[in-house]
Amino acid sequence: MGRWPAGAQERLQEAAIELFTERGYERTTVAEIAKRAGLTERTFYNHFADKREVLFPDQDRFIAEVCEAVGAAPAEQSPLDAVLAAFTATSDWFDQRRDASQRRRHILDAHTDLRERERAKMAALGEAIAGALRTRGISDPAATLTATISVAAYQLASARWLADPQHATLGHHLHTSFDDLHRTASTW
């Protein structure tokens with residue numbers, strides 16, 4: 001038997017997004033999130049450091065998976081294409097959570113402190129990708145520049161994905177954003 005109830009993290013995330021949507025982020029407590037999920041506050045804190053972190057699930061795992069994929073990319077693959085492939089490899093997970101991602105986006109957009117937390121998470125992603133590129137032998141400033149523009153392209157793809165009335169996949173929007181990046185870079 002697992003240490004914590006099966007599916008506890010997902011239940012807490014869903015309960016938090018529901019409550020933040022219904023009552024507002026500021027008016028929702030950790031105790032209320034745990035109760036809605038049918039769990040204890042202690043279980044909440046076993047999974048998340050604070051109320052804000054429930055909106056950034058599995059960030060460390062996501063960063064690790066992206067960096068592992070960048071590091072494992074074929075040597076002949078360009079740095080940008082290696083990062084695109086890494087992002088695309090994780091996109092199915094997001095596609096399966098589109099509705100929750102849209103509700104989460106609305107919550108983040110409504111709160112400056114949460115957007116700041118998101119920017120910090122994206123900066124950490126960029127730093128980790130730059131490190132993975134350096135490990136591949138890409139020197140700076142190329143590694144840092146590639147990581148920075150890749151994260152920007154990822155954010156643009158995510159925004160397009162969430163706003164897309166046709167419900168194209170995140171992978172589709174990632175390819176579109178990176179194609180835009182390639183076209184723009186070729187005109188410099």
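Me: Is Leu162 buried or exposed in this model?
Reply: Happy to start there, with the reminder that this is a predicted model. Leu162 is found in helix H8. Buried means under 20% relative accessible area, and Leu162 has a relative accessible area of 16%, so Leu162 is buried.

Me: Which residues is Leu162 in contact with, leaving aside its neighbours within four places in sequence?
Reply: Contact here means heavy atoms within 4.5 Å. Leaving aside those neighbours within four places in sequence, the partners of Leu162 are Arg98, Ser101, Gln102 and Arg105.

Me: How far apart in space are Leu162 and His172, C-alpha to C-alpha?
Reply: In sequence, Leu162 and His172 are 10 residues apart. Their C-alpha to C-alpha distance in space is 12 Å.

Me: What does Ser101 touch, not counting residues up to four places away in sequence?
Reply: Ser101 is found in helix H6. Ser101 is buried, with a relative accessible area of 14%. Not counting residues up to four places away in sequence, Ser101 touches Phe94, Trp161 and Leu162.

Me: What separates the C-alpha atoms of Ser101 and Ser158?
Reply: Ser158 is one of the buried residues of H8, and Ser101 is buried too. Along the chain the two serines, Ser101 and Ser158, are 57 residues apart. Between the C-alpha atoms of Ser101 and Ser158 the separation is 9.6 Å.

Me: Which elements do the buried residues of H8 pack against?
Reply: The buried residues of H8 include Ala143, Ala147, Val151, Tyr154 and Trp161. An α-helix has 3.6 residues a turn, so residues three or four places apart point the same way. The buried residues of H8 pack against H4, helix H5 (79-95), helix H6 (98-109), H7 and H9.

Me: How far apart are the end C-alpha atoms of H8?
Reply: H8 has 22 residues, so at 1.5 Å a residue H8 should span 32 Å. The model agrees with that, as the end C-alpha atoms of H8 are apart by 32 Å.

Me: Where does the cis peptide bond from Asp140 lead?
Reply: The bond from Asp140 has omega near 10°, and it is cis.

Me: What is phi of Asp58, a residue other than glycine?
Reply: Asp58 is found in the loop between helix H3 (41-47) and helix H4 (59-72). At 21% relative accessibility, Asp58 counts as partly exposed. Phi of Asp58 is a positive value, near 55°.

Me: And what is phi of His167?
Reply: His167 is found in the loop between H8 and helix H9 (170-186). Like Asp58, His167 is a residue other than glycine with a positive phi. For His167 the value is near 60°.

Me: Does Gly38 count as buried or exposed?
Reply: Gly38 lies in the loop between helix H2 (30-37) and H3. A residue over 50% relative accessible area is exposed, and Gly38 is at 57%, so Gly38 counts as exposed.

Me: How many helices does the chain have?
Reply: From the N terminus on, the elements run α-α-α-α-α-α-α-α-α. The chain has zero strands, and its helices come to nine.

Me: What is the radius of gyration of the chain?
Reply: For 188 residues the globule rule gives 16 Å. The value for this chain is close to that, so the chain is as compact as a globular protein of that length. Along its principal axes the C-alpha trace spans about 55 × 40 × 30 Å. The radius of gyration is 18 Å.

Me: What share of the accessible surface belongs to carbon and sulfur atoms?
Reply: Of the 188 residues of the chain, 42% count as buried. The accessible surface comes to about 10,100 Å². The share of that surface belonging to carbon and sulfur atoms is 54%.

Me: How far apart are the mean positions of the positive and negative charges?
Reply: The chain has 23 positive and 27 negative charges. Their mean positions are apart by 5 Å.

Note on methods:
Residues are numbered from 1 along each chain as its sequence is written. This is a predicted model: local features need pLDDT of at least 70, side-chain atom pairs count only at pLDDT 80 or more; totals for chains, interfaces and linings use all residues. Side-chain values use heavy atoms; hydrogens and water are left out. Helices (H or I, at least four residues) and strands (E, at least two) are DSSP runs, numbered from the N terminus. The radius of gyration is taken over C-alpha atoms; the globule rule is 2.2 Å times the number of residues to the power 0.38. Buried means under 20% relative accessible area, exposed over 50%, partly exposed in between (1.4 Å probe, protein chains only). Accessible areas come from the Shrake-Rupley method with a 1.4 Å probe; for residues, only the protein chains shown count as cover. Lys and Arg count as positive and Asp and Glu as negative; His and the chain ends are not counted. The place of a charge is taken as NZ of Lys, CZ of Arg, CG of Asp or CD of Glu. The expected span of a helix is 1.5 Å times one less than its number of residues.
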